Amino acid sequence: MRHGLGLFLLTCLIFTSCLTGNFSQVIAEENKNSRPNLLIIQTDEHHYGTLGCYGSTMFAGEGSLTPNLDRIAAEGAIATSFYATTPVCSPSRSSLMSGRYPQSTPVEQNDIAMSGQITTFADVLKNAGYSTGYSGKWHLDGNGKPDWAPTRNFGWSDNRYMFNRGHWKKLVLNEDGPAVGSKNNRGQLNYNLDGADEKTFTTDWLIDRTLEFIEENADQSFCYMVSLPDPHGPNSVRAPYDTMYSEKDVVIPESLKKNRSQIPMWGQPERNVNEYTLKKTMPEYFGMVKCIDDNIGRLLKRLEEKELLDNTIVIFTSDHGDLCGEHGKLNKGNPYEGSARVPFLIRYPSAIPAGTKVDIALSCVDFFPTILKLMNVEATVETAGRDASAWLQGKKPEDWEDVAFLRSTRSNPLWLCAVSDQYKLVYSSYDRPWLFDLSEDPNELNNRFNDPAYAKIKVELSKALKNYGETHDDSYLNNSRIRYYLLQNSKSPEIARLEFRLGEKEAGPNLVAKSLPNLPNDRIYLHQEPVLENEHIAGATKSNQDVGDAIEVTFTKEGAEIMQKVTAENNGKRLAILVDDKLIMAPYIRSEISSKALITGTFTNAEIERLLFSLNAPAE
Ligand SMILES: [Ca+2]
């Protein structure tokens, strides 16, 4: 009956409007009730374990720090394996906005301006008639700081309260617009609280601007994003949150103490991250989270009062995590869970069943196609991400490959990572590969890469990662160490061996193959053990000259036994090893030369072990 009346009124409205020529307004009128609004709350550097719905693994206090966020999870969906494509501010944000990997935005590290060619999901929604707005930290317009309301707004029409950069604690609204509220004696803006209260503390201030936008746009379809710079450091928060928590609430992570074999080169602990410093700094981190949650409560309440809540898709996420002391580290930038995994909650009762749990690995690039599909708005550009909207709706698409791809910034060490619900594989320019079994080893302590029980997983993830790198033009695939391990373990026939023509000068980034006078003018196959990137190749000149020469080597007794075994296992083929007191490269020569090549050098057992590993690849 109601529907019939609505249709009748709509018909009248169309008729009247056609007379007045205002048809588009009619469409807008019709859409406002059927199309969902979108409200995204994004935090910065937020460990998922501070949320009750993620198990409060970082919080030892009573109950949950985040009852309002827990409500979003309970009434909607929680993604348990959502990752920052690159766990650093700008790259992660560029991927969320564009659905592209950072190398094509091209925001591969902080403070790079996103290309003006990029179409964001906000552009798409704006073009579809949505009223769009953004407040808070943006970090996609270069290094301007704070740089209010950047001219290039990427579809966020109302960006008056967008600022590019900075972790300001106090914001004010002056006659000529928004401003940072704290300055030092010389008039320079700073991150001090400077008496910030419930009106001027940045989190509260930004949520007030959000509420104003909702008020102003309640009658139309809107898309709003508020980007809160907390709980990123400095760890300071306004009263009463500053004294709400104490050291007894601080979880001391198990991974703070681990043995050397459990430390990857890319995960070296930092000085001064210990039980004492965490007890000092974490209480105010919790305070920042609590303040965020209370403000989320304000948002939900206002949406409810205005009868907008159920027709507004509410999303909570963060640009990346904060290790908060896990692995003896703070902040982010590496592939560990606390750094790369982020909370992702979404509430939209008409499409998402309450209590939905999405366990597949997703990353920021998947957001764009997923949200537009959920909103039934055509994504007018191609993205690198996948539409996961079915998962959010509690379905399980059969042909889904559970894997997401993460990459470091361009600063060393480089790393590439493939992660699924259960496993995480990391290749790095600076280390041997690491494979974690997240289900039995959630603290990511034990490397399963060489464990035969994980051989299949290793190959599957390597193949997927190689395919990602080729499809999305990831230059890290060209790093000699990453490439070596990745190619070897993805077992593609053409790359199981690195192949070089005799006489060609260039034979890979760290290896120069010289013409070998004693050999048939045919191909040789070099099995290359890459050196560390940028590392001087000790003795390289001599070694390269020695490729075809017979070099005398002496083994330890144990090493000799291992060598004999390896030689036997490789059908009697001999190994030529280039050395200068330490193992540098291990070419595996598979032609007549092998019968002439002797093995020289003095090896430690660890080096032999490394060599053995490098020979593990199956022969062609
Ligand atoms: Ca950030």
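Student: Hi! How does helix 11 pass helix 12 here, in a left-handed or a right-handed crossing?
Tutor: In this predicted model, helix 11 makes a left-handed crossing with helix 12.

Student: And at what angle do their axes cross?
Tutor: At roughly 120 degrees, and the axes come within 8 Å. Helix 11 covers residues 455–471, and helix 12 covers residues 480–490. That angle makes helix 11 oblique to helix 12.

Student: Which residues meet there?
Tutor: From helix 11 you have Lys-458, Val-459, Ser-462, Lys-463, Leu-465 and Lys-466. On the helix 12 side they meet Leu-486, Asn-489 and Ser-490.

Student: OK, new topic. Which strands does helix 11 lie across?
Tutor: Strands 12, 13, 14 and 15, and helix 11 runs at about 60 degrees to strand 14. Helix 12 lies across strands 13, 14 and 15, at about 135 degrees to strand 14.

Student: In what order do those four strands sit in the sheet?
Tutor: They form an open sheet in the order 12-13-14-15, with antiparallel pairing.

Student: Which strands stand at the edges?
Tutor: Strand 12 (404–407) and strand 15 (431–437). Each has a single partner strand, so one side of each has no neighbour in the sheet.

Student: How many bridges join strand 14 to strand 15?
Tutor: Five. As one example, Ser-428 has Asp-431 in strand 15 as its bridge partner.

Student: Last one: how many helices and strands does the protein have?
Tutor: There are 16 helices and 19 strands, and 47% of the 620 residues are buried.

Conventions:
Residues are numbered from 1 along each chain as its sequence is written. This is a predicted model: local features need pLDDT of at least 70, side-chain atom pairs count only at pLDDT 80 or more; totals for chains, interfaces and linings use all residues. Axes are lines fitted to C-alpha atoms, for helices over the stretch in contact, and angles run from 0 to 180 degrees between N-to-C directions. Helices (H or I, at least four residues) and strands (E, at least two) are DSSP runs, numbered from the N terminus. Angles under 35 degrees count as roughly parallel, over 145 as roughly antiparallel, 65 to 115 as roughly perpendicular and the rest as oblique. A crossing is left-handed if the near helix is turned anticlockwise from the far one by less than a right angle, and right-handed if clockwise. Two residues are in contact if their C-beta atoms, placed from the backbone, lie within 7 Å. A residue is buried if 20 or more other C-beta atoms lie within 10 Å of its own, exposed if 12 or fewer, and partly exposed in between; C-beta atoms are placed from the backbone. Two strands pair if DSSP finds at least two bridges between them.
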